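Let's take a walk through this model, chain by chain. Have the sequence and the coordinates open as you read.

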Amino acid sequence: MAEFLQFFFSGLTVGAVYALVALGFTLIYNSSDVINFGQGEFVMLGGMSTVFLAAAGMPLSLAAFAAIIITIAVGLALHRLAIEPAGDASPVTLIMITIGASIFLRGAAEVIFDKRFHSLPPMLGSAPLHIGGAAVLPQSLVVLAGAGIIVVLLWLMIDRTLLGKAVVATAVNRLAARLVGIDTRRIVGLSFAISAAIGAVAGVLVTPITLTSYDVGTLLALKGFAAAMLGGIGSALGAVVGALVLGMLEAFSAGYLSSKYKDAIAFLVILVVLLTMPQGLLGKGKIERV
Amino acid sequence: MAHRLAGLAVIAVIAVLLPAFFPSAYYTRVATLVFIFALAAVGLNLLMGFAGQVSLGHAGFVGIGGYSVAIGATYLGMPTWLCIFVSAALSGLVAFLVGRPILRLRGHYLAVATLGFGVLVGIVLTNEAAWTGGPDGMTVPRLTLLTWQVRGADAWYWIAASTFLGGAMLALNLNDSPTGRALKAIHDSEVAAAVLGIDVSYQKLAIFVVSAIYASVAGSYLALFNGHITPDVSGFLSSIELAAMVVLGGMGSVAGSLVGAAVLVVLPQTLTVLHEYEHMVLGLILMGFMIFLRRGIVPSLAGAVARRRP
Amino acid sequence: MPISKRMIVTAALGLAITMASGLSASAQIKVGAVLSVTGPASFLGDPEKKTLEMYVADINAKGGVNGKQLQLIVYDDGGDANNARTFATRLIEEDKIDAMVGGTTTGSTLAMIPVFEDAQTPFISLAGAIQIIEPVHKWVFKTPHTDKMACEKIFADLKQRQLTTIGMISGTDAFGKSMRDQCVAVAPQWGIKIAHEESYGPRDSDMTPQLTNIANTAGIQAVVNPGFGQGPAIVTRNYRQLGINLPLYESHGVASKQYIELAGTAAEGVRLPAAALLVADKLADGDPQKPIVVDYARAYQQKTGQAVSTFGGHAYDGLMILVQAMQRAKSADKAKVRDEIEKTKGYVGTAGIVNMSPSDHMGLDLSAFRMLEIKNGDWTLVPDVKS
């Protein structure tokens, strides 16, 4: 039983990391139909900037705050300079632009930071908590709580504020949104900014567990994207659920089946789920207009 | 019909004349790589550009093509030229089996499913070290045709170029055929195409299999040309690179696939002068191309030229 | 679809123009280096590049080799063997190098070997696997220890502590896999039984399921972790998180003091085989390696602000062996230099003392590895084992 719990918490830890990345994908997709593969780089920027600013002498919390601001600026720049000018490009082209952006950001990080691995001190100490025979790092709970808070905040924003309604309207039909007076450019820009912030927060929260380096973004983007699709792209709760499921799949495959093939098993299960539930676990059905 | 082949003829002429301008075998090697990747890109273009189905895992088929040749020649004692055909058949079979369920998905869901496929292939190739040599890869015997051992970029340049031209001609023919029109209809709207009587799932599966075969042949060539193959040939980044070649060059444009492949193979070579700024500039250039030539290099330039004609 | 001829010609010309390469100067000795500066092996390639650049500049400042300046040409293959092969061809055909020190990973080295064999150019590889020198290729040498030696060093220490049943958790990357394979192959000779094995991806962030399985296997007395980069740091942290008290052995892939920083207090008591470079200051004063490694460690730390890395040390050894061979040959002639490299005897480097021969293109023996233990956040030397 203890080992089952250990695997469970491992899955929860890894899943929470993916959840924070997946949430970033969801928001941008919701307002603009763009899959932003630069989301992983936002996480990298959050973590690496904090590390380097702290190493330069800034107090840790200030460094983290500054890192988030920097990442938001990068997110806004990405929107204004790369996505906006592309205007009516096809979805695949937009994805390629974000991939180009992630290559650019990774290349910049290579030069500005360095190529080594770095860590941040855990926020609640490093003594593990013992729950039912399993040892859990307090930081895992911090990451989970962070994901939960962000989901709640996103839901509040989307559901309870006028701004949130504007985001939904932009996603449903951009022309109609503009016709009712919504500045869709600003809305999409805002969603990039918020996604960047989510990514940066993710970077700060997960680095004590996952370590960070200039190229940590690639794999995170891959897993975060898969998790978001599994949960159903477009649903924030779906992103979290999909991510947790993915984390659990990896942990339980590693624990009970084969650690060599844990990623393969996880992807296989995702494929099977998508084949039986083509909109993902919590995704809404899409109406195709002929 | 005439202008379609005219374009190909021009490329063929250039391909024949180009080696005369190569100062060294290095250029021949780069040009050979361009043709090999262009072959895979043309195949992917059929799937993405013509039929409008996104695949972010096509490098998986490149890996299958390459490793089948390596394993067939090393462990099963098969002659290398035969291995190319066998691995193409194998890739086609895998594409058939995988494609049937996967192609029911649409849009981003299809993207993630193909991505998963590519990652799965990569994992299997990395882990089954007894057959594949593991992460360090395995040596591949040289291509032997009758008694001629094909070595060196010079011979491979002709093989790659002629195969590309053959593949391109096939693709262009497909474009103007009933199948091509069916694919375009599917690209526009699957529901409307079905209403018109097109067997949508059959057509999608057929083109998926064809594009897998293109990728497989390219992979086989790569393995035989290099004499060595590693699992990163079917990694996530390789799949992205292939898709980028298609989108960059122009989806639906066969010449575009060649241009896209040329850009993505040659650009990193030229950018080495920038040392550590290489990746930054590469990313900027990619973004620039996609933003300003957003229909792809060839269609955008063709459009610009057409607009200027009175 | 219509393709205008003008477009094609423009494209072709563009292609040709973009292929312009840099100028080359004569009266310089050209040393090529294809390294994985970015990509999955950047942990190895980056220190290698920094080291080569540092010491080529240093040698040139002191007058060069045989009166000529060295020109270093570095290409980054990004960890991709196909790219490595292309750059190797470029170095030979375009840059016309006299010799090569590079090949960060085994995969890229194996892909490049045919190029250098065909071009009859000396190639000193910086990669670990034993296939690079077994069977011996005439023009190919290497500086790092083989994984087999690392395993044997660990097994010798295990035997001395009377620990014979172990668990193994390895990275699925080339480094981890290669060392794991070697350990599995030589374990029986040392009377070591590997009771349970697990693996993890090199960028994974949590290895607790795998470690739980190992800890739950009855009879395991110690755990060995072949891997490099961040993996070992996370494995070590998870190890303490789970409260596993068995001795933990890391591999030479941790390569630098940064591992101790990242693993923190969890690293206490961990043992690993490493080159003398890591404990430069703690070597006995009479140790022949001491002056070399202290010098290099100090210079590297000063120039880059980063802790010294054994992978950088391999590049240092490669360059020095090449330069000394050129000095002995009194020329940069490829065949003469190759012969002199093969005759390297008593070269004291960061990895150990190198004695090459026509049948041994690496030249290190087991004494080149030191067994280290981490105490109070620092390396300490474990006295040598009589095996």
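This is a predicted model: local features need pLDDT of at least 70, side-chain atom pairs count only at pLDDT 80 or more; totals for chains, interfaces and linings use all residues.

Residues are numbered from 1 along each chain as its sequence is written, while chains are lettered from A and ligands numbered from 1 in the order in which they are written.

Start in chain C, with an open sheet of five strands in the order β2-β1-β3-β4-β5, paired in parallel. Helices (H or I, at least four residues) and strands (E, at least two) are DSSP runs, numbered from the N terminus, and two strands pair if DSSP finds at least two bridges between them. In general, strands of a sheet pair through backbone hydrogen bonds, either parallel or antiparallel. At the edges of this one you'll find β2 (69-76) and β5 (140-142) of chain C, each with a single partner strand, so one side of each has no neighbour in the sheet. On average, neighbouring strands are turned by 25° against each other, direction ignored.

Now go strand by strand. β1 (residues 28-35) of chain C pairs with β2(C) in the parallel sense over eight bridges, and C:Ala33 stands opposite C:Val74 in β2(C). Two bridges join β1(C) to β3(C), again running parallel, and here C:Val31 has C:Ala99 in β3(C) as its bridge partner. β3(C) and β4(C) pair in the parallel sense over three bridges, and the bridge partner of C:Gly102 in β4(C) is C:Ser125. How do you get from β3(C) to β4(C)? Together with helix α4 (residues 106-119) of chain C, these strands make a right-handed β-α-β unit (with the strands pointing away from the viewer, the path from the first strand over the helix to the second runs clockwise).

Which faces of β3(C) are covered? Both are: C:Ala99 and C:Val101 on one side, and C:Met100 and C:Gly102 on the other, are all buried. A residue counts as buried if 20 or more other C-beta atoms lie within 10 Å of its own, exposed if 12 or fewer, and partly exposed in between, with C-beta atoms placed from the backbone.

Elsewhere, have a look at two helices of chain B. The axes of α2 (residues 25-50) and α11 (residues 236-249) of chain B come within 9 Å and cross at roughly 70°. Axes here are lines fitted to C-alpha atoms, for helices over the stretch in contact, and angles run from 0 to 180 degrees between N-to-C directions.

Next come the chain contacts. Two residues are in contact if their C-beta atoms, placed from the backbone, lie within 7 Å. By that rule, 35 residues of chain B are in contact with 37 residues of chain A. α5(B) gives the most to the chain B side, with ten residues, and that side divides into 26 nonpolar, six polar and three charged residues. The contact of chain C with chain A takes 27 residues from chain C and 25 residues from chain A. Here α7(C) gives the most to the chain C side, with five residues, and by class that side has six nonpolar, 17 polar and four charged residues.

Finally, two residues of chain A. A:Ile150 lies in helix α5 (residues 138-160) of chain A and is buried, with 23 other C-beta atoms within 10 Å. Leaving aside neighbours within four places in sequence, A:Ile150 is in contact with A:Leu23 and A:Ile198. A:Arg178, in helix α7 (residues 174-179) of chain A, is partly exposed, with 15 other C-beta atoms within 10 Å.

Notes: Ala, Val, Leu, Ile, Met, Phe, Trp, Tyr, Cys and Pro count as nonpolar, Asp, Glu, Lys and Arg as charged, and the others, Gly among them, as polar.
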